[in-house]
Amino acid sequence: MQENHKYNIYMFIAIIFFGMTYVLTKICLNYSTEFHIISLRFLIAFIVSLIFLYKKIFPIKIKEFIYSLILSIILFLVFITMTIGVKYTTATNASFLISLSVIFIPFFSWIFNKEKPKKSIFIVLIIVLIGIMLLTLDKNLELHIGDILCLICSLLFSFHIIITEKLVKTNNPITLGVLQFGGVALLSFLVQYPIESLILPKNKNF
């Protein structure tokens, strides 16, 4: 299989799983809190990926550890805004609003990489903004907190992608990815424990 086709398939699989996350998060929120969901989710991801990928991670360079910490902070903010946003809006709204990161990425790339977007992107942006208003504004023309958080999540996610693109060019992408899982889990535990303490969900649906 040609390399480009293989990675296109990987991306397609990633899209399917990422699309499912909104519905599953919505279900989990019935049985647990936002920080519990994020910390458990990323702890499991870190342990599983470490077991299967440890040979490709080590040795870890100091700069990779630092960069992964920076990415972890941004990714933690992405999932905080996403998880709380999903709690206060519908899974459909959340998936649409967060997927707008695809539109925002060219503008972040313009700022950081001096790559000016094509004119067609501006037209698409106008159409998207109209779509956002039709989807999220209520009869009083007000945005709900869940929708606002999902929009913030979309912007943070775009920023995370641009920074990741720059860092993986000169660093081990697998190391950055796996350490991020651990970083987000740790940050979530640190924030969660003083507020909620550590309680494992007991409901089997979770």
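Residues are numbered from 1 along each chain as its sequence is written, and side-chain values use heavy atoms, without hydrogens and water. In this predicted model, local features need pLDDT of at least 70 and side-chain atom pairs count only at pLDDT 80 or more, while totals for chains, interfaces and linings use all residues.

**View A. Helix H2 crosses helix H3.**
H2 spans residues 34-57 and H3 spans residues 62-87. Helices (H or I, at least four residues) are DSSP runs, numbered from the N terminus. The two axes come within 10 Å and cross at roughly 130 degrees. That makes H2 oblique to H3. Angles under 35 degrees count as roughly parallel, over 145 as roughly antiparallel, 65 to 115 as roughly perpendicular and the rest as oblique. Axes are lines fitted to C-alpha atoms over the stretch in contact, and angles run from 0 to 180 degrees between N-to-C directions. The crossing of H2 and H3 is right-handed (the near helix is turned clockwise from the far one by less than a right angle; anticlockwise is left-handed). On the H2 side, the contact residues are Glu34, Phe35, Ile38, Arg41 and Phe42. They meet Leu75, Phe76, Phe79, Ile80, Met82, Thr83, Ile84 and Lys87 in H3. Contact means heavy atoms within 4.5 Å. By class, the H2 and H3 contact holds 9 nonpolar, 1 polar and 3 charged residues. Ala, Val, Leu, Ile, Met, Phe, Trp, Tyr, Cys and Pro count as nonpolar, Asp, Glu, Lys and Arg as charged, and the others, Gly among them, as polar.

**View B. Tyr7 and Tyr10 pair within helix H1.**
The model has 5 aromatic pairs. Rings of Phe, Tyr and Trp (its six-membered ring) pair if their centres lie within 6.5 Å; planes under 30 degrees apart count as stacked, over 60 as edge-to-face and the rest as tilted. Tyr7 and Tyr10 are edge-to-face, at 5.6 Å centre to centre and 70 degrees between the planes. Both lie in H1 (residues 3-28), 3 residues apart, about one turn of the helix. Tyr7 is partly exposed at 44% relative accessible area. Tyr10 is partly exposed too, at 45%. Buried means under 20% relative accessible area, exposed over 50%, partly exposed in between (1.4 Å probe, protein chains only).

**View C. Phe42 of H2 pairs with Phe79 of H3.**
The ring centres of Phe42 and Phe79 are 4.9 Å apart, with planes at 80 degrees, so the pair is edge-to-face. Phe42 lies in H2 and Phe79 in H3, so the pair ties together parts 37 residues apart in sequence. Phe42 is buried at 5% relative accessibility. Phe79 is buried at 7%.

**View D. Phe18, Tyr22 and Phe157 form a cluster linked by ring pairs.**

**View E. Helix H4 runs roughly parallel to helix H7.**
The axes of H4 (residues 91-98) and H7 (residues 145-167) come within 8 Å and cross at roughly 30 degrees. Their crossing is right-handed. H4 contributes Asn93, Ala94, Leu97 and Ile98 to the contact. H7 contributes Asp147, Cys150, Leu151, Cys153 and Ser154. The contact of H4 with H7 has 6 nonpolar, 2 polar and 1 charged residues.

**View F. Ile37 is buried in helix H2.**
Its relative accessible area is 7%. Not counting residues up to four places away in sequence, Ile37 touches Thr25, Cys28, Leu29, Ser32 and Phe206. The C-alpha atoms of Ile37 and Ser154 are separated by 19 Å, and the two residues are 117 residues apart along the chain.

Conventions
Helix = DSSP H or I, 4+ residues; strand = E, 2+ residues; numbered from the N terminus.
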